[in-house]
Amino acid sequence: MSSVARQLIVFDFDWSMADQDTDRWVLEVLAPDLRRKMKDLKDDVQWTDLVAQSLREAHERGITREQIENALQIMPFHPAMARGVTNLKAGGKTTFLCLSNSNSIFISTILKDKKLTTLFHEIITNPAEWEESGLLNLRRRVDPAGPQHSCDVGCSPNMCKGEELEAFLARHAVDFDRIVYVGDGSNDYCPVLRLRSQDLVLCRNFRGLSKRISKQGGLKCKVKYWSGAWEVEEIFATL
C-alpha cells in the first residue's frame, strides 16, 4: 500500500486483536453454567448488564480476582498480532486506538500480560474496576440513566462506536492521512461506514461485520478480509 506520513489504526478487541471473546471466555473457563445462562438470556438482557450480573454471581460463589486474571492471561492471543502491532508502532507514524465493547479491566489485564500496555493512545470501552472484596464491577459506557447515543445504524445501547470514533478524531484534531479499522463484529459496521475513500477496513472473515458489509454495503473505504492474525501482520508490514 502507499506510504503515508500519519495514520490511525483502530482496533476492536474481541476476535480482532485477541483470538477470543473476553466476556464469554472468562465464564467458559471459570463457570460454564453461568456462560450457559448468559447464552440463554442474551436476547432478554442488555449484554454489558448481563456480563456485569454474571461477574457478580461468579464473585458470590467464590471466584477470585486471581482466577479471572489468570483466565484472561491464558486466553488465545496470536504472537503474530503482537509482532505486527509492535513493529508498526516502532515506525513512529502510527497512532493506535482501541474501540471495544469488552471492558477496561479485561483489556488492560491482557495487554499487560502481552507487554503491550503502551500500545494504545486511548482505550474506549466499558468502565470496570476491582472492588476491595474482589468483585469486578462493570458498567455501561453510556449510562442507562443519562443521555443516550443517537445511533440509528444498530449499535448496542452501551456504546456507539461510530460516535466514539468521531469524538476521538474531534478531540485530537489530527488530520490522519489514513485510518485503518480492524474489526469483526456487527457493531463495527457503524464506525467503518464513516471512513473515507483513502481509509481501509481489515474485516475478519465469516463474522458479523463481513455479513453486514456483504448484505448492506454502503462503505466508501477499501476492504481487506482476513482469517488469521498472521495475515494482519502481513498487511501491517505494507503500511
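Select Cys 160 to begin: this residue is buried, with a relative accessible area of 2%. Here, buried means under 20% relative accessible area, exposed means over 50%, and partly exposed lies in between, calculated with a 1.4 Å probe and protein chains only. The model is a predicted one, in which local features need pLDDT of at least 70, side-chain atom pairs count only at pLDDT 80 or more, and totals for chains, interfaces and linings use all residues. Residues are numbered from 1 along each chain as its sequence is written, and side-chain values use heavy atoms, with hydrogens and water left out.

**The cysteines**

A disulfide is a covalent bond between the sulfur atoms of two cysteines. In this model a disulfide is counted for a pair of cysteine sulfur atoms within 2.5 Å, and by this rule the count comes to zero. Display Cys 160 together with Cys 190: the sulfur of Cys 190 is the nearest cysteine sulfur, 3.8 Å away, and Cys 160 is in no disulfide. Next, select Cys 98, which counts as buried because its relative accessibility is 0%.

**The sheet**

Helices (H or I, at least four residues) and strands (E, at least two) are DSSP runs, numbered from the N terminus. Two strands pair if DSSP finds at least two bridges between them. Strands of a sheet pair through backbone hydrogen bonds, either parallel or antiparallel. Find the open sheet of six strands, ordered β3-β2-β1-β6-β7-β8, with parallel pairing. Its edge strands are β3 (122-126) and β8 (222-226), each of which pairs on one side only. On average, neighbouring strands of this sheet are turned by 15° against each other, direction ignored. Such angles run from 0 to 180 degrees between N-to-C directions, and the axes are lines fitted to C-alpha atoms, for helices over the stretch in contact.

Select β1 (residues 7-11) and β6 (residues 178-183): these strands pair in the parallel sense over five bridges. Within this pairing, Val 10 stands opposite Tyr 181 in β6.

**The salt bridges**

Side chains of opposite charge can pair when their charged atoms come close. A salt bridge is a side-chain nitrogen of Lys or Arg within 4 Å of a carboxyl oxygen of Asp or Glu, and the structure holds 18 of them.

- Select Arg 204 and Asp 19, whose closest N and O atoms are 2.8 Å apart in a salt bridge. Arg 204 is in strand β7 (residues 200-204) and Asp 19 in the loop between β1 and α1 (22-30), 185 residues apart. Both Arg 204 and Asp 19 are buried.
- Select Asp 49 and Arg 140, a salt bridge with its closest N and O atoms 2.5 Å apart. Asp 49 belongs to helix α3, whereas Arg 140 is in the loop between β5 (136-138) and α7 (161-172). Asp 49 counts as partly exposed at 28% relative accessibility, while Arg 140 counts as buried at 15%.
- Select Glu 69 and Arg 65, which meet in a salt bridge (2.9 Å, N to O). Both lie in helix α4, four residues apart, about one turn of the helix.
- Select Asp 12, Lys 161 and Asp 188, which are linked in a network of salt bridges.

**The final stop**

Select Gly 62, in the loop between α3 (47-60) and α4 (65-73). Gly 62 is partly exposed, with a relative accessible area of 45%. Its C-alpha atom is separated by 44 Å from that of Ile 235, 173 residues apart along the chain.
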